[in-house]
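Thanks for coming, everyone. Please have a look at the sequence and the model on the screen before I start.

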Amino acid sequence: MSLPEVNEVLERLCNLLRMETRAFALKYGLQPVQMEALTYLTQCNRYSDTPQAVGEYLGLTKGTVSQSLKILEQKGLLRKQTDKQDKRIVHLSPTVKGKNLIKHTSADKTLTPSLAKANSKKISELNSVLRSTLIEMQKANQRKAFAACHTCRFNEKNEKGSVCGLTHESLSVQDVQLICREHEYPS
Ligand code: SF4
């Protein structure tokens, strides 16, 4: 298969996933962008749950982000909390209703059932190719990685578990699975 053909297949898959997200969002009276913001907030860590990070992750303007967050809050899907140390920072956390909605979406629009038909060696090769393609694209476009904490160059292990080398705070087993706006791949 040629590279343009691979590109075409990936574009088609992305398009299908977007269509599924749009249809699911509409069922709940949401716009796709609001669904995407809520999904991001169920996956990110405590350093990345701000309106600014949502905008960076989704490539949206401040105005669009603020409007989307307002709707999510009005629908009881999201809660805002001021940072205890720095009152200028606002943290966003999905409510139980918001988390349940995203769980439901993930089950509906995932590629997993189709991928499960391939054998594990092929899946592992595919994962590796897609991951390196993603990293190359992020580098070329100078975008933040927003990748899982356990793959970050600042993630340090000690006898008690993991620590963030940037903030020097401990990271739980759950924390290291979450995505982070400060993430950097090892060089
Ligand atoms: S180790 Fe990296 S990804 Fe994890 S919290 Fe620190 S900066 Fe973020």
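Two notes on the source. This is a predicted model, in which local features need pLDDT of at least 70, side-chain atom pairs count only at pLDDT 80 or more, and totals for chains, interfaces and linings use all residues. Residues are numbered from 1 along each chain as its sequence is written.

Let's start with helix α4. Helices here are DSSP runs of H or I with at least four residues, strands are runs of E with at least two, and both are numbered from the N terminus. Helix α4 covers residues 62-74, which is 13 residues. From its first C-alpha to its last it reaches 18 Å, close to the 18 Å expected at 1.5 Å a residue. The expected span is 1.5 Å times one less than the number of residues.

Which residues of α4 are buried? They are Val65, Ser68, Leu69 and Leu72. Buried means that 20 or more other C-beta atoms lie within 10 Å of the residue's own; exposed means 12 or fewer, and partly exposed is in between, with C-beta atoms placed from the backbone. Look down the axis of α4: its buried residues fall within an arc of 100 degrees, so they line one face of the helix. That arc is taken over the directions from the helix axis to the C-beta atoms. An α-helix has 3.6 residues a turn, so residues three or four places apart point the same way.

The face turned away from its buried side carries the exposed residues Gly63 and Gln74. And what covers the buried residues? The cover includes α2 (32-43), α3 (51-58), β1 (78-82) and β2 (90-94). Contact here means C-beta atoms, placed from the backbone, within 7 Å. After α4 comes Gly76, with a positive phi near 75 degrees.

On to the core. A nonpolar core is a set of buried Ala, Val, Leu, Ile, Met, Phe, Trp, Tyr and Cys residues joined through C-beta atoms within 7 Å. The largest one has 23 residues, and Ala37, Leu38, Leu41 and Leu78 touch the most other members. Two or more residues come from each of α2, α3 and α4. The largest share, five residues, is from α2. In α2, the buried residues are Gln34, Met35, Ala37, Leu38, Tyr40 and Leu41. Leu78 touches, among others, Leu38, Leu41, Leu69 and Leu72, leaving out residues up to four places away in sequence.

Compare that with helix α7, residues 120-140. Buried or exposed to the open? Of its 21 residues, the number buried is zero, so α7 lies largely in the open. Its end C-alpha atoms are 30 Å apart, which agrees with the 30 Å its 21 residues should span.

Next, the ligand. Around it sit Asn45, Tyr47, Cys149, Cys152, Phe154, Asn155, Cys164, Leu166, Cys180, Glu182 and His183. A residue counts as near when its C-beta atom, placed from the backbone, lies within 6 Å. The shell divides into seven nonpolar, three polar and one charged. Nonpolar means Ala, Val, Leu, Ile, Met, Phe, Trp, Tyr, Cys and Pro; charged means Asp, Glu, Lys and Arg; the others, Gly among them, are polar.

Take Phe154 from that shell. Phe154 lies in the loop between α7 and β3 (155-158). It has 17 C-beta neighbours inside 10 Å, so it counts as partly exposed. Beyond its neighbours within four places in sequence, Phe154 is in contact with Cys164, Gly165, Leu166 and Glu184. Phe154 and Cys44 are 110 residues apart in sequence, and 16 Å apart in space, C-alpha to C-alpha.

Phe146 has a phi of about 45 degrees. Phe146 is also in the loop between α7 and β3, and with 18 C-beta neighbours inside 10 Å it counts as partly exposed. His168 has a phi near 65 degrees. His168 lies in the loop between β4 (161-164) and β5. Its 9 C-beta neighbours inside 10 Å make His168 exposed.

That's my tour. Over to you.

Note on methods
Contact = placed C-beta atoms within 7 Å.
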